[in-house]
Amino acid sequence: MGRDHALRIAREDALTAYRDLDAYDVTCEMQGEGWKIDYTPKDQRARGGGPHYVISGDSGDIVSKRYEQ
């Protein structure tokens, strides 16, 4: 599974919890056998943080997720 597919899976899940992701920058990198996807606030002074995911590179399953709000 490719990067774009992993990003789509994470975005769909994140939108259910955050509703709007425009305030976040997203990074995505392959680590081991999974995609590590992190949403970080564009405004460094913002409180809290965004969602963080590990998506399986094989199945596309969400291996782990953490929300910082």
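Hi everyone, let me begin with two tyrosines: Tyr18 and Tyr24 are both buried, where buried means under 20% relative accessible area, exposed over 50% and partly exposed in between, using a 1.4 Å probe and protein chains only. Before I go on, this is a predicted model, in which local features need pLDDT of at least 70, side-chain atom pairs count only at pLDDT 80 or more, and totals for chains, interfaces and linings use all residues. Residues are numbered from 1 along each chain as its sequence is written, and side-chain values use heavy atoms, leaving out hydrogens and water.

Now, the rings. How many aromatic pairs does a search of the whole structure find? It finds 2, counting Phe, Tyr and Trp rings (six-membered for Trp) with centres within 6.5 Å; planes under 30 degrees apart are stacked, over 60 edge-to-face, the rest tilted. Tyr18 and Tyr24 pair edge-to-face, at 5.7 Å centre to centre and 90 degrees between the planes. Tyr18 and Tyr67 are also edge-to-face, at 5.8 Å and 70 degrees. Tyr18 sits in helix 1 and Tyr67 in the segment after strand 4 (62-66), so this pair ties together parts 49 residues apart in sequence; helices (H or I, at least four residues) and strands (E, at least two) are DSSP runs numbered from the N terminus. Tyr18 has a relative accessible area of 12%, while Tyr67, at 35%, counts as partly exposed.

On to the core. The largest nonpolar core has 14 residues, and those with the most contacts inside it include Trp35 and Tyr53; such a core joins buried Ala, Val, Leu, Ile, Met, Phe, Trp, Tyr and Cys through side-chain atoms within 4.5 Å. Its largest share, 6 residues, comes from helix 1. Thanks, everyone!
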